[in-house]
Amino acid sequence: MARAKVNLHGEIREKVEKLILDVNLEQGLSNDLAKEKLEKYGPNKLPEAPRPSLLAQFIEQFKNLLIVILLVAAVISAFFGEVIDTLAILGITILNAVLGVAQERRAEKALEAVKKLSNPQSKVVRDGEVLVIPSEEVVPEDVLFLEAGDKVTCDGIILEERGLMIDESTLTGESVSVAKASFRKDSELKDENKAFMGTVVTKGKARMYVMETGINTRLGKIATQIREAKKEKTPLEIELNYLGKILGIVFVAVCAVVFISGLFRGMPLQEMLLISISLAVAAIPEGLPAVVTIVLALGVLEMAHRNAVVKNLPAVETLGAVTHICKDKTGTLTENKMKLVKVYTEKMKIEEDLFQSSLPDEVKRTMILCNDATRKMGDPTEIALIDWADDRDIGELRHKYQRLYEIPFTSESKRMTTAHHFGGKYLIVTKGASEIILGLCNREFIGKNVVEPLTEVRKKEILKTVENFASDGLRVLAIAERTIDSLPDKDEEIEKDLTFLGLVCLKDPLREEAKKAVEECRKAGIRPVMITGYHQVTAYSIATELGFPEGEIITSADMNEMTDEKLTDVIEDISIFARINPLDKLRIVEAFQKKGEIVAMNGDGVNDAPALKKSDIGVSMGKIGTEVAKEASDMVLMDDNFATLVHAVFQGRIIYENMRKFIVYLLSCNIAEVLVMFISIISGYPPPLLPLQLLWLNLVTDSFPALAIGMEPGEKTVINKPPRRKNEPILTKYHYGIITQSIAITMVTLGAFFIAIRRVPLQEARTIAYFTLVLSELFRSFTARSFETSIFKLKVFSNKFLTYSTALMILLLLTSIYLTPFAKLFGNVRPTATEFTYIILLSIIPSIVSEIAKIIRPQD
């Protein structure tokens, strides 16, 4: 491969006399040379914000008002000479920071794993083969293929193009697509000969010679200058922060009352100050945002393992509230493996086992020439059109009739046309939607060298045949040709006066799991809606087979006659949108949203991007989806499977419900801790818990058990309920069981303390209260796994992480009581066997109350 006067990683000269003249577009780079260049220039990706160091993350944990309060408590303890208390508070603070860093790192790893799954891909030529590789592996001097829907992943020079249009709004702000032209020898190199990273191909095809990658691209240089780290807060985090502030104000006020009450009763200022500060820190659920983030991140990773790559955390919250899933038929409901089953001409219907021997030459020729696929790679429909033929026959025919020009398929035109050398003339071949192609034809192929005028009556007969095929669930395309002496300059002049050759009928088998997924949607109160470009009869046939809800069928033509208000009025009665222009998907989404619905929109094309962005959850296809669609979406289906989408919606519900569970659990425990201290002090009793005991139990109950509750596998009741209402708060009246649980935990703890203090010394009574409170909260974590289902029906140990984490926390609890050095530190005394027995019995009571509440609580 030879180049002249090109500085690959410097400024490209504006005037170039000779450039890549000997580039072999068919051979490309060798794999070995590509590896060398990848090592030399690095991965083709934009610079990322530097990841904070371990030390920086650790320090960040202390930038929290509540932690500052805790450190102030340590300073106060040191001032009063309480060295042990000071060291213990600092130790707990550091341990809390370590746990916070561990959670952040785990969340980062989970999101990084998801990010790798959703990386864009590029088509390059390596060693004479067209390969699909991760875009990060593209290197300078690669030959890159571009087509409509692709995102340009590097900077380069256009060497070949057919009707190439590129949206460069990411660089220029100009929303109108720009026409591109191939670079020619001895011409001036202009921007119209270049393509830049971050731009989008909106029309046509091209081969590009890669000049710059990664940070050396135009976009990379801009990104380097403006790089900054942005941490996006989810709506749930914002709501929880608000909830935390409200609770904080209430709890601080209560702690102030506790402090003043203690002083009035003559308790030492130092002791009451430490108790009040420790109680405030223990009461306020400062760990909620961290637990929410880690649960969301782990949920995203779990979805990724199931082929649903969620690109941002807020999407998980929205998934659980989806009421309508609008989706195409191709790929998600079907296998996306089209099979040619029938060819119809004026004289005969040819079944699939006779294609090789019975197809007229004109029909064979059109199916092979008006086609960009090979038998191994390409659009599924185009692969099916040539799958019956031998590779050698395909190659020979395409070589004999070399393609000169192409009018690419678009969602608006619904057809593809190519022009070829044909002796001393030109052969025009086209394929597309039957009604479109018939509108361009004025003759019909009858037999070899025999054509007849195509009358309007005959066109109606053909369209009736199309309807009959479509009613059997077949996709029907029409094919046509034309021979001309010269090639017109305008596309509309090329695509006229065509000869209708026949109909090709394809079938895309339904996925086995699709019908079950549709049924699960309906049970869950989610309405599946089909939006497809297929004929309405075909769409209805498939929707009926899958069990879609009954409803009207409308087309883009029908929608054009409706105002937005009219469409909104009737939208709830429509289950199938057929023959839909992708641009109309935006109107459909907006109409549903005006009705207050939460919409998940499925799409794969360039023109689907506006609807994907507008929808509450945009879902693109990982296999057949364009890079533009993936960029605009919130989630990518790596297997293009509708069942995967449905599962992701259900998983979103489960994650959201799990967050509710651990929020209720944490708040019930924290409120109980406040009530225990408040009631005891205002009742004239000494504080049941010491500051260190409060801090330690907060660490024990608020960390791993809460996180484990957030990792519940989910219940059938969650799936079978209707979606939650739009803007429904995280906690509803149904979750006011927090109060019941708080009272139950408070009563058993105070009961244990009040009974003990009359019989044993204060230190021992406090140990009994401490032991009872921590155990009751840990036992309660098992019943917190469900708001409705009994723990025995859930199987006690089915959540292994909860089992292990609770066992670890109980071990820490016992360590603080039974190991002498720690017992002295926390002021604990070993309880007697009798005391241990009633501690266990009392600790179980809140869990029993929770189980009874599940039986008598009215359903939401």
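What percentage of the 860 residues in the chain is buried? Buried residues make up 54% of them. The model is a predicted one. The legends below begin with the whole chain and then turn to close-up views.

Figure 1. Take the contacts in the chain with a separation of 6 or more: 72% of them come from residues 24 or more positions apart. Buried residues account for 54% of the chain.

**Figure 2. Helices α30 and α32 run roughly antiparallel.** Helix α30 spans residues 762-783, and helix α32 spans residues 800-818. Their axes come within 10 Å and cross at roughly 175°. The pair counts as roughly antiparallel because that angle is over 145 degrees. On the α30 side, the contact includes Thr 767, Tyr 770, Phe 771 and Val 774. Leu 775, Leu 778, Ser 781 and Phe 782 also belong to the α30 side. From α32, the residues met include Leu 802, Thr 803, Thr 806, Met 809 and Ile 810. Leu 813, Leu 814, Ser 816, Ile 817 and Tyr 818 also take part from α32. The residues of this contact divide into 13 nonpolar and five polar, with no charged residue.

**Figure 3. Helix α12 is mostly covered.** This helix runs over residues 361-369. Eight of its nine residues are buried. Among them are the nonpolar Val 363, Met 367, Ile 368 and Leu 369. The charged residues Glu 362, Lys 364 and Arg 365 are buried in α12 too. Thr 366 is another buried residue of this helix.

**Figure 4. Ser 633 sits buried in a loop.** The loop lies between α24 (627-632) and β24 (635-637). Ser 633 has a relative accessible area of 4%, so it counts as buried. Which side chain does Ser 633 join through a polar contact of 2.9 Å? The partner is the side chain of Ser 620. A polar atom of the Ser 633 side chain also lies 3.4 Å from the backbone oxygen of Met 635. Leaving aside neighbours within four places in sequence, Ser 633 is in contact with Lys 311, Gly 618, Val 619 and Ser 620.

Figure 5. Glu 712 lies in the loop between α27 (704-709) and α28. Not counting residues up to four places away in sequence, Glu 712 touches Ile 654, Asn 658, Arg 785 and Asn 799.

**Figure 6. Lys 721 makes a polar contact with Glu 788.** Lys 721 is placed in the loop between α28 (716-719) and α29 (737-757). Is Lys 721 buried or partly exposed? At 28% relative accessibility, Lys 721 counts as partly exposed. The side chains of Lys 721 and Glu 788 are joined by a polar contact of 2.5 Å. Not counting residues up to four places away in sequence, Lys 721 touches Ala 524, Arg 653 and Glu 788. Lys 721 and Ile 526 are 195 residues apart in sequence. In space, their C-alpha atoms are 9.7 Å apart.

**Figure 7. Asp 497 and Arg 579 have positive phi values.** Most residues other than glycine have a negative phi. Phi of Asp 497 is near 55°. Asp 497 lies in the loop between α17 (491-494) and β18 (498-507). Its relative accessibility is 35%, so Asp 497 counts as partly exposed. For Arg 579, phi is about 50°. Arg 579 is found in the loop between β21 (574-578) and α22 (585-594). At 15% relative accessibility, Arg 579 counts as buried.

**Figure 8. Cys 154 and Cys 255 are buried cysteines.** Cys 154 has 0% relative accessibility. Cys 255 has 3% relative accessibility. How many disulfides does a search of the whole structure find? The search finds zero.

Note on methods
Residues are numbered from 1 along each chain as its sequence is written. This is a predicted model: local features need pLDDT of at least 70, side-chain atom pairs count only at pLDDT 80 or more; totals for chains, interfaces and linings use all residues. Side-chain values use heavy atoms; hydrogens and water are left out. A disulfide is a pair of cysteine sulfur atoms within 2.5 Å. Buried means under 20% relative accessible area, exposed over 50%, partly exposed in between (1.4 Å probe, protein chains only). Axes are lines fitted to C-alpha atoms, for helices over the stretch in contact, and angles run from 0 to 180 degrees between N-to-C directions. Helices (H or I, at least four residues) and strands (E, at least two) are DSSP runs, numbered from the N terminus. Angles under 35 degrees count as roughly parallel, over 145 as roughly antiparallel, 65 to 115 as roughly perpendicular and the rest as oblique. Contact means heavy atoms within 4.5 Å. A polar contact is a pair of N or O atoms within 3.5 Å; within protein, one must be able to donate a hydrogen and the other to accept it, and residues adjacent in sequence count only if both atoms are side-chain atoms.
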